[in-house]
Amino acid sequence: MSESQATWDLAPAPESIGHVHWEKSYGLFINGQFQPSSGDQTFGSINPATEERIAEITEATDADVDQAVKAARNAYEKVWSKMAARERGKYIFRIARLLQEKAREFAVIESLDGGKPIRESRDIDIPLAAAHFFYHAGWADKLEYAFPNRKPKSLGVAGQVIPWNFPLLMAAWKIAPALATGNTVVLKPAETTSLTALKLAEIFQQAELPPGVVNIVTGHGSVGAAIVNHNNVNKIAFTGSTRVGKIIQKAIAGSKKRCTLELGGKAANIIFDDATIDQAVEGIINGIYFNQGHVCCAGSRLFVQESVHDEVIHKLKHRMNSLIVGDPLDKNTDIGAINSKDQLQTINQYIELGKQEGADFYQPQCNLPAKGNWCRPTLFTDVAQSNRIVQEEIFGPVLAVQTFRTVDEVINKANNTPYGLSAGVWTDKGSKIFNMTSQLRAGVIWANTYNKFDPASPFGGYKESGFGREGGLHGLAGYLDF
Amino acid sequence: MSALKSNFRANSPTVDQVGVVERVNRFATRSIKNEAKLKGLKMVLNMIDLTTLEGMDTEGKVKQLCYKARHLHDAVDGIPCVAAVCVYPNFVGLAKASLAQSGINVASVATAFPSGNSSLDIKLTDVKMAVDQGADEIDMVISRGRLHRGDYQYVYDEIAAVKEACGSARLKTILETGELGTLDNVRLASDIAIAAGADFIKTSTGKIQPAATLPVTLVMLEAIRDHHVKTGQMIGMKPAGGISKAKLALHYLIMVKETLGVQWLNNKWFRFGASSLANDVLMQIVKQQSGAYQSPDYFSID
């Protein structure tokens, strides 16, 4: 019998990009056509894994935004709001099917442009985006049944601004319910991840969606501001930081614009001593290291009951050691590239801060590629509620662990944050779960799982995590007047 | 009877089936290519317990199997041999003689395999017969009925007695997970077997469906890992039955690597109980080297 001390490292398994096509430069998608800007500004979209410039994106001007809003208004009044709801549903179904057909191409571009592992873009982002279109397509002609006796009416033009962490999925979350409820759209993707939104515009063309129903204007924050401030927009839907959310609320105060905001989070993931520890550890990993921690609902604050602390941390470190960090296009990559240099710098500053605050720091010693934006999965133990790494949203693969003794204590600590987007509870006892879910101030609470999304399930926050819901009937209501 | 031993259920962690399946699906998305694949496939071959456990087994069949164990595919150089040949006790002597000087072990099922429904005396006699004939490894079955009745102490004592009867032979304890009903019970049975002195824990007899599955194996690997963390002692793992494709076998190895570590990736600590797996692995190895799949007719059936 041989007991060889073999190593067995996985060989590279890169997803092929040969079949994937995207343009070297993109204009603005207004009134069903790609067109140049009235200005002459463009910017590069950078692959965060290689730092290569992979496409040239157009910076929209105020005049471009105005033109996009006019196109949306025109399409709303002349076509989309007049069309039979069943016909609207057909277009949305068509978009969903086309997206599904091109899923592999979208997944590769999402990973190239944003740095997320192909496993996630292939298995989560793209299928879920298609599912949102399918789900909302079904509602288009059934709104009377969704809201019986309430006479739902569309709002008009929706201005939508989305973040860089789930570029296509956020576009789907925004566009699908707006279209199903009879509204038209002006959407701005994040400046670091415009490509899949622009590829989606190509799908709108192939689906022969009437011109102007969805318009996509690219660029930086000023483009978002132009949409928010445009007086012919009826509804603002924003996903992004709490800081910008506050600016938007100030900007639209006193106007009749409807608004939903999905902002930051600092979610508590709570492990009781009667939890199934091995599965809870997996849930912790998915909760914080999914999408490099660029998740507003990431379980970034871990609360472990003191009696199982050592076991949980030991198993957590063991599991962290098996995570593969590197090329987002490799099928075995668990943690891809940090989305931008700026974000990497922010994360690194917080890691430094955590060390200065005296927390115990742990990172597995995995290899990192020479070029690109990388951050190893990071664990801080021995932290307190008063640490800044516990209070502030880091938006990276950094987990801060505290211990607790009683149910009351952990509820108090979990709620002791300006945020209230999500939480996780791990226990084998059903009654404990219901007690926790009724007392935690969070919009989404997962029990014995984490980061599960479904188009039928409303998503959104309390307090400074925003207001309004996306998904399900609650999400539809955000685009309707009654 | 110590309080600790009689309290097996309370001391055994619970398992969340949904979470286990989710974790297992992650293993199954690992993509094993090129040199990693070739190395993995050769590891798989070297971990196989080539098995025949049929009522119609004959000396001729056992001899053929033993020859195959030593010469899996002589047409290709560098093919390792299997880890062991697994037979019923009455064929141990023959298998031992057929495998002399090959380094391949002889494993024997015992303890009223596959049901385990007999008296302890008869089970121990069964074990002694196999050991006396030279078995290097004993694959026993636990008393599942006793486990379902909550008679954990009986299950424990029986395994301990069999372990003693094994002498220097290594003991593999078959939990027959297909009859245990829940993953909680799989974990409980694993903990009892390990505590009672099993050198290996094994999923199945191959006579009950489902036999080995990835979720059941993960739960057992976690029991092994927890025991190793507490005591420093390594326990072996053997999924058996239902693993007939190379790709699935590689996903098992990924699971072992990520759950226990590379020190388990050899046939002292990990085995596959299988009869038809070897040929699929051979086919994949030849494909890896020649670039094309060969007809199954090029691989011997024994």
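This is a predicted model: local features need pLDDT of at least 70, side-chain atom pairs count only at pLDDT 80 or more; totals for chains, interfaces and linings use all residues.
**Strands and domains in chain A**

Biologist: In β16(A), which residue is the bridge partner of Arg301(A)?

Modeller: Residues count from 1 along each chain as written, chains are lettered from A and ligands numbered from 1 in written order, and side-chain values use heavy atoms, without hydrogens or water. Strands here are DSSP E runs of at least two residues, numbered from the N terminus, and two of them pair if DSSP finds at least two bridges. Five bridges join β13 (residues 301-305) of chain A to β16(A) in parallel, and Arg301(A) is partnered by Ala400(A).

Biologist: And which residue in β16(A) stands opposite Thr378(A)?

Modeller: Look at β15 (residues 378-381) of chain A, which pairs with β16(A) in the parallel sense over three bridges. Opposite Thr378(A) stands Val398(A).

Biologist: Why is β16(A) largely enclosed by the rest of the structure?

Modeller: Buried means under 20% relative accessible area (1.4 Å probe, protein chains only). The strand covers residues 398-404, and it's largely enclosed because the number buried, out of seven, is six.

Biologist: Which lysine side chain meets Glu51(A) in a salt bridge?

Modeller: A salt bridge puts a Lys or Arg side-chain nitrogen within 4 Å of an Asp or Glu carboxyl oxygen. Here the N to O distance is 3.6 Å, and the partner of Glu51(A) is Lys341(A).

Biologist: How far apart are the C-alpha centres of domain 1 and domain 2 of chain A?

Modeller: Bounds come from an automatic or database domain assignment, giving domain 1 (25-263 + 462-481) and domain 2 (268-447). Their C-alpha centres are separated by 30 Å.

Notes. Buried means under 20% relative accessible area, exposed over 50%, partly exposed in between (1.4 Å probe, protein chains only). Helices (H or I, at least four residues) and strands (E, at least two) are DSSP runs, numbered from the N terminus.
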